[in-house]
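This report describes one protein chain for a reader who has not seen it before. The sequence and the model come first, and the description follows.

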Amino acid sequence: METARTKSPTRTRALATEAVHAGRDDLAGQGLHVPPIDLSTTYPSADSRAEAARIDAFATTGAEPDGPPVYARLGNPTVARFETALARLEGTETAVAFASGMAALSAVLLVRASLGLRHVVAVRPLYGCSDHLLTAGLLGSEVTWTDPAGIAEALRPDTGCVLVESPANPTLAEVDLRAVAHACGSVPLMVDNTFATPVLQRPAEHGARLVLHSATKYLGGHGDVLAGVVACDEEFAGRLRQVRFATGGVLHPLAGYLLLRGLATLPVRVRAASRTAAELARRLAADPRVERVHYPAIGGAMVAFEVHGDPHAVIGGVRLVTPAVSLGSVDSLIQHPASISHRIVDAEDRRGAGVSDRLLRLSVGLEDVDDLWADLDGALG
Ligand SMILES: *Cc1c(COP(=O)(O)O)cnc(C)c1O
């Protein structure tokens, strides 16, 4: 059972408690039970000297302005609640939210590039679009792909960060985060924790400086919010806020509200879906129509499997499971990475990263395990 505890002003609280209370500490004092949604794009201030000082302070450190945010691109109180809560769950000083997971990753790369640190060391597989962003050099970065054992050797004086996913999208390959953090030395390690969530793994405890999430997935958890977030120390967060302010990849307050609501049930959802996923992985592994099953040692609600037959027939055959990209929702989704989530990665690179053309990626939701198995059994033909 999860026993991770985080420090609060009074005493340490368990993850399940933080999930429902973090980011809401001030509500009762305001006579509120549910967080308000602040949709303001601007904030009145009759004292423009004070406003100037607040803007200067933000430009210097990226620290959140005291008092109201000046303008919504600088910050938003509803989004800040989600950031506070996610930081508590990940065990970091703070977190910075973005319009999507890709906007969050882009902001990290831009922060480092602005310091002349354009080189990135990364381990495949990564989510297809993360791979593409680095490989295509869309933000002027240059990538060296390596395996975890090659990280130390791949570092250069201009290396801005090291990026790994664990469990990785879509093969669920796992990385020894402590060993990788050690290999990084003083170069920031960024761990994409989208698949594990802080319920199963807290990379900051293993030495990651940056914990990245596509919050679109488990943190939102209901398939209705696009969002990203980086959990990190206050110093890095300041730079991320400055990039977010200058480039505009902000999260909408309504999305911030939905994410905070999603966090409340995150531990319950992840544990329930993981139990079902482990059982489906067991049944798939015992099935002669399935060549190979990938299921992480740390658990989780994602299962990947390679079929002997046509993977497209499985996608066309499901009735209860939705054939769709994305993951981490209350309902189960299945997709064919070589056709969709990792289509944008060069076929040879994709296969080299272990993403077989016969691989299917299943995101297990909260349905009954026997109903899901009956659907998969029918789709496998
Ligand atoms: C989906 C995903 C992303 C990208 O997030 P968006 O919210 O779609 O921009 C990044 N990393 C992983 C592991 C993902 O699954």
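## The second largest cavity

The lining of the second largest cavity consists of six nonpolar, three polar and two charged residues. In this classification Ala, Val, Leu, Ile, Met, Phe, Trp, Tyr, Cys and Pro count as nonpolar, Asp, Glu, Lys and Arg as charged, and the others, Gly among them, as polar. The model is a predicted one, in which local features need pLDDT of at least 70 and side-chain atom pairs count only at pLDDT 80 or more, while totals for chains, interfaces and linings use all residues. Residues are numbered from 1 along each chain as its sequence is written, and side-chain values use heavy atoms, with hydrogens and water left out.

The volume of this second largest cavity is about 50 Å³. Among its lining residues are Leu109, Arg112, Ala113, His119, Val120 and Cys161. Helix 4, strand 4 (119-123) and strand 6 (159-165) are the elements that give two or more residues to this lining, and helix 4 gives the most, with three. Helices (H or I, at least four residues) and strands (E, at least two) are DSSP runs, numbered from the N terminus.

## The largest cavity

A cavity is a set of points on a 1 Å grid over the protein atoms alone where a 1.4 Å probe fits but cannot get out; a pocket is an open set with protein on both sides within 12 Å along at least five of seven lines, and lining residues have an atom within 4 Å of a point. Grid points are joined across faces, edges and corners, and a volume is the space filled by probe spheres set on the points. By this rule there are four cavities of 30 Å³ or more.

The largest cavity holds about 70 Å³ of space. Its lining includes Glu64, Arg73, Asn76, Glu83, Arg244 and Leu251. Helix 3 (residues 77-90) gives the most to this lining, with three residues. By class, the lining has six nonpolar, two polar and four charged residues.

## The largest pocket

The largest pocket contains about 370 Å³ of space. Of the 27 residues that line this pocket, Met102, Tyr127, Cys129, Ser214 and Lys217 lie nearest its centre. Two or more lining residues come from each of helix 4 (101-113), helix 5 (128-135) and strand 8 (210-214). The lining has 12 nonpolar, 11 polar and four charged residues.

Strand 8 is largely enclosed by the rest of the structure, because five of its five residues are buried (under 20% relative accessible area; exposed is over 50%, partly exposed in between, with a 1.4 Å probe and protein chains only). In a regular strand the side chains alternate between the two faces of the sheet. Here Leu210, Leu212 and Ser214 are on one side and Val211 and His213 on the other, and both faces are covered.

Strand 8 pairs with strand 7 (residues 189-192) in the parallel sense over three bridges, and Met190 has Leu210 as its bridge partner. Two strands pair if DSSP finds at least two bridges between them. Strand 8 runs antiparallel to strand 9 (residues 228-232), with four bridges joining the two; Leu212 stands opposite Val230 there.

## Helix 2 against helix 9

Helix 2 (residues 48-61) and helix 9 (residues 234-247) have axes that come within 8 Å and cross at roughly 115 degrees. On the helix 2 side the contact is made by Phe58, Ala59, Thr60 and Thr61, and on the helix 9 side by Gly238, Arg239, Arg241, Gln242 and Phe245. These residues divide into three nonpolar, four polar and two charged. Contact means heavy atoms within 4.5 Å. Axes are lines fitted to C-alpha atoms, for helices over the stretch in contact, and angles run from 0 to 180 degrees between N-to-C directions.

Glu51 also lies in helix 2 and is buried, with a relative accessible area of 15%. Leaving aside neighbours within four places in sequence, Glu51 is in contact with Tyr43, Ser45 and Val70.

Five strands form an open sheet of mixed pairing, in the order 10-11-14-13-12. Strand 10 (290-294) and strand 12 (322-323) are the edge strands, each pairing on one side only. Strand 13 (residues 333-335) and strand 14 (residues 359-363) run antiparallel and are joined by three bridges, with Leu333 opposite Ser363. Helix 10 (residues 253-285) lies across strand 10, strand 11 (302-307) and strand 14, at about 15 degrees to strand 11.
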